[in-house]
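Visitor: Hello! Could you walk me through this structure, one question at a time?

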Amino acid sequence: MRAERGRFITFEGVDGAGKSTQIEVIDEVLRTRGIEVVRTREPGGSPTAEKIRRILLSDPMSPKCELLMMFAARQENLDKTVRPALAAGKWVLCDRFTDASYAYQAFGRGMPFKEIRLLENFVHPDLKPDLTVLFDIPTEVAARRLQGEPDRFEREKKEFHDRVRKGYLKLAEMESDRFLVVDATRPAEDISKELRKIFLSWN
Ligand code: TYD
């Protein structure tokens, strides 16, 4: 007998929006429900994709190269991690996915929307997240939360991050059924409480 396909949940937001803490909380809630959870991230999620991530976060490159490498890493994450888990009935929590390519590479860098659509249709024509949680926060607040040495994206100017934030909100508006927009300016514990409640029953 084949297992029912698991759920594919993605998490998005500008850098510093506080995704990681909340992914942890959701992971815990789902496990208490007896659900098998696999956590992954993009760029990354497989040994090769993690190598691509290192290059993406550090080496200077053209926007086109950046976009293609994001999708190369995505192909790997899908092949090695996401699809096998979903096929086995596990739920996948993915820290960023293709919405990030629209937000960062299209809205942020100015790459044409339709080229990203083309890559999306090439790499995963058959797969969309079942749910996308967007942590929305003004970029100046998010920037204050960033810790450690900033990567190539975090070093971008405020205008870039503002375009990314606006882009995410636009995507959420375009596909309001798939998106859950969370006001990420609230204290982390309040957000966790809301998410715990939702994920105790979300199916
Ligand atoms: P992230 O894992 O959120 O960084 P951190 O470990 O610092 O929390 O994401 C890495 C960066 O990659 C982030 O700045 C957004 C960027 N990104 C894109 O530009 N396009 C994409 O398609 C993806 C998946 C990420």
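Visitor: How many Å separate a polar side-chain atom of Gln105 from a nitrogen atom of the ligand?
Guide: Welcome! Keep in mind that this is a predicted model. Gln105 is among the closest residues around the ligand. A polar contact needs N or O atoms within 3.5 Å. Between a polar side-chain atom of Gln105 and a nitrogen atom of the ligand, the distance is 2.8 Å.

Visitor: What share of the ligand's exposed area does the protein bury?
Guide: Start with the ligand taken alone, when it exposes 550 Å². Then put the protein back and see how much of that area is covered. The buried share is 88%.

Visitor: Where does the ligand sit?
Guide: Picture the residues around it: 16 of them surround the ligand. By class, this shell has six nonpolar, two polar and eight charged residues. As for the place itself, the ligand sits in the largest pocket.

Visitor: Which helix gives the most to the shell around the ligand?
Guide: Three helices each supply at least two residues of the shell: helix 2 (47-58), helix 3 (63-87) and helix 4 (98-108). The top contribution is four residues, and it comes from helix 4.

Visitor: What is the phi of Arg96, in degrees?
Guide: Let's find Arg96 before we look at its backbone. Arg96 is in the loop between strand 3 and helix 4, and one of its polar side-chain atoms lies 2.7 Å from an oxygen atom of the ligand. Although Arg96 is not a glycine, its phi is positive, at about 80 degrees.

Visitor: Is the pair of Phe8 and Phe97 stacked or edge-to-face?
Guide: This is one of eight aromatic pairs found in the whole structure. The pair links distant parts of the chain, with Phe8 in strand 1 and Phe97 in the loop between strand 3 and helix 4, 89 residues apart. The ring centres are 4.9 Å apart and the planes stand at 85 degrees, so the pair is edge-to-face.

Visitor: Which form does the peptide bond from Glu42 to Pro43 take, cis or trans?
Guide: Look for Pro43 in the loop between strand 2 (37-41) and helix 2. The bond from Glu42 to Pro43 has omega near -10 degrees, and its form is cis.

Methods: Residues are numbered from 1 along each chain as its sequence is written. This is a predicted model: local features need pLDDT of at least 70, side-chain atom pairs count only at pLDDT 80 or more; totals for chains, interfaces and linings use all residues. Side-chain values use heavy atoms; hydrogens and water are left out. A residue is near a molecule or strand if one of its heavy atoms lies within 4 Å of it. A polar contact is a pair of N or O atoms within 3.5 Å; within protein, one must be able to donate a hydrogen and the other to accept it, and residues adjacent in sequence count only if both atoms are side-chain atoms. Accessible areas come from the Shrake-Rupley method with a 1.4 Å probe; for residues, only the protein chains shown count as cover. On a 1 Å grid over the protein atoms alone, a cavity is a set of points where a 1.4 Å probe fits but cannot get out, and a pocket is an open set with protein on both sides within 12 Å along at least five of seven lines; lining residues have an atom within 4 Å of a point. A molecule sits in a cavity or pocket if more than half of its atoms lie within 2 Å of its grid points. Ala, Val, Leu, Ile, Met, Phe, Trp, Tyr, Cys and Pro count as nonpolar, Asp, Glu, Lys and Arg as charged, and the others, Gly among them, as polar. Rings of Phe, Tyr and Trp (its six-membered ring) pair if their centres lie within 6.5 Å; planes under 30 degrees apart count as stacked, over 60 as edge-to-face and the rest as tilted.
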